[in-house]
Amino acid sequence: MGLVLTGALPSSAAVSDQHTRTAQTNGVVYAVAQVGGLTIIGGEFTAVGNQPRQNLAALRADGTVDPTFAPSVDGVVRAIDGSSDGTTVFVGGEFAHINGAPRAALAALSVSGGLVDWRADTNGIVYAVEVSGDRLYAAGTFTSIADVARRRLAALDVSTAQVFKPFNPWPAWTVKDIAVSPDGTKVYATGGFNRIGAQDRNGAAEVLASTGEATDFNPQRGGVGLAVGLSPDGSRFFFSTTDNNLYAYDPAVSSSPVYAIKTGGDTQAIAVSDTEVYFGGHFRNINTFKAKRNLLASITLDGQLTSWDPHLGGNMGPWSIDLASDRVLVGGDFGWVAGIPQHGIAVFHGTP
């Protein structure tokens, strides 16, 4: 399944394909999130803007390094999200300590970088975190979290770190990415699993936030999943797979894909606005449209390639994309934007 492009390319929704210069990293950025007025980046690096930063840092609105947010993380940071009030940053990954204090792969920090009295250690990697109301969802490889048996996907209280025990989806293998519906009633997951709870599912699933039970949505095309995206109204679900496909589904309508986009490499990050789907990975072309796009591209919600072409250069490309009201934030393994040196983090201004 795919779409055939005819006519002129739709223009991008007022987002520049020229990046705004910011401080750069000396390593890979695996996670980026706008939390209040700060852009929080996490990954595997030791400096940002020539200032020492150990795998976690913050950029101010002008692109400079925030001087107060400087926690020291002794392992890779792979996931970031912020509390709804913008005061707390939740991070997940492959670390054992933050600021010298024990924190196993999951932690909460204030926007000033200090650890919050909140602890939910895991026994594995945390690949994704997502805040929804008073809950934090965490996903990865773990089989226990906060001393409670939970396989690879769990919900915790954002204030107390207590596990929300009714939510117990039990996916059969690693969960790489998650999203939560705008009303907080459903959780979407993708990864290497072929079963979640009692139901067979092909690398992606929709589960109830109340219990973790899989809904009737059963994607007919899928595979080993990498990244997810959800439209702001919650009606359209996107996920990518290791066979270079990006699928679009309307779960409330059908388990058959609305469309699929084939790229020349894996899509590793997805973010969705009211008008567009921004996606990045280690591709150099969009096969469906026979079009060149280096590592980063966008399509309309109905699956048409746009003219937005930032032309990233580097190795694996984006690992994380977040949308703010006036910019698109991209973190990853790249070193240039349109031939201009810009390592690890890129910001594109405009209305996504």
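Reader: Let's start with Pro166. Leaving aside neighbours within four places in sequence, which residues is Pro166 in contact with?
Author: Pro166 touches Ser210 and Thr211, once the neighbours within four places in sequence are set aside. Keep in mind that this is a predicted model.

Reader: OK. And where does Pro166 sit?
Author: Pro166 is in the loop between β15 and β16.

Reader: How far is Pro166 from Glu213, C-alpha to C-alpha?
Author: Pro166 and Glu213 are 9.9 Å apart in space, with 47 residues separating them in sequence.

Reader: Is Pro166 partly exposed or buried?
Author: Pro166 is partly exposed, because its relative accessibility is 46%.

Reader: Which residue in the loop between β15 and β16 is a tryptophan, then?
Author: Trp170 has its place in that loop. Its phi is positive, about 60 degrees, although Trp170 is not a glycine. Trp170 also counts as partly exposed, because its relative accessible area is 34%.

Reader: What about Asn50, what's its phi?
Author: Asn50 has a positive phi near 65 degrees, and it is a residue other than glycine. You'll find Asn50 in the loop between β3 (47-48) and β4 (51-52).

Reader: Why does Asn50 count as exposed?
Author: Because its relative accessibility is 79%, and the cut-off for exposed is over 50%.

Reader: Back to β16. Which strand does β16 pair with over five bridges?
Author: β16 pairs with β17, in the antiparallel sense.

Reader: What does the hairpin of β16 and β17 look like between the strands?
Author: Five residues lie between the strands of that hairpin, and Gly184 takes a positive phi near 75 degrees there.

Reader: Why is β17 called largely enclosed?
Author: Five of the six residues of β17 (residues 186-191) are buried, so the rest of the structure largely encloses that strand. β17 also pairs with β20 (residues 204-208), antiparallel and over five bridges. There, Tyr188 has Glu206 of β20 as its bridge partner.

Reader: Switching topic: what's the volume of the largest pocket?
Author: About 1,200 Å³. It is lined by 42 residues, and the closest to its centre are Glu130, Ile178, Ile270, Ile321 and Asp322.

Reader: Which elements give two or more residues to that lining?
Author: They are β1 (28-35), β6 (76-82), β11 (126-132), β16 (175-180), β21 (225-230), β25 (267-272) and β30 (312-324).

Reader: How does the lining split by class?
Author: The lining has 27 nonpolar, eight polar and seven charged residues.

Reader: How many residues are in the largest nonpolar core?
Author: That core has 20 residues, and Leu106, Trp118, Leu136, Ala138 and Ile145 have the most contacts inside it. At least two residues each come from β10 (106-110), β11, β12 (135-140) and β15 (153-157). The largest share, three residues, belongs to β11.

Reader: What does Trp118 touch, beyond its neighbours within four places?
Author: Quite a list: Phe90, Arg103, Leu106, Ala107, Ala108, Leu136, Asp157, Val158, Ser159, Thr160 and Ala161.

Reader: And Phe279, buried or exposed?
Author: Phe279 counts as buried, because its relative accessibility is 0%. Phe279 is found in β26 (residues 276-281). Setting aside neighbours within four places in sequence, its contacts include Leu246, Ile270, Leu295 and Ile321.

Reader: How far is Phe279 from Ile98 in space?
Author: They are 31 Å apart, C-alpha to C-alpha, and 181 residues apart in sequence.

Reader: Last one: which strand is joined to β33 by five bridges?
Author: β31 (residues 327-337), and the two run antiparallel. Val328 stands opposite Phe348 in β33. Four of the five residues of β33 (residues 345-349) are buried, so that strand is largely enclosed by the rest of the structure.

Terms used. Residues numbered from 1 in each chain as written. Predicted model: local features only at pLDDT ≥ 70, side-chain atom pairs only at ≥ 80, totals over all residues. Heavy atoms only, no water. 1 Å grid on protein atoms, 1.4 Å probe; cavity = no way out; pocket = protein on both sides within 12 Å on 5 of 7 lines; lining within 4 Å. Points joined across faces, edges and corners; volume = space filled by probe spheres on them. Nonpolar A, V, L, I, M, F, W, Y, C, P; charged D, E, K, R; others polar. Core = buried A, V, L, I, M, F, W, Y, C linked by side-chain atoms within 4.5 Å. Buried < 20%, exposed > 50% of the residue type's maximum accessible area, 1.4 Å probe, protein only. Contact = heavy atoms within 4.5 Å. Pairing = 2+ DSSP bridges.
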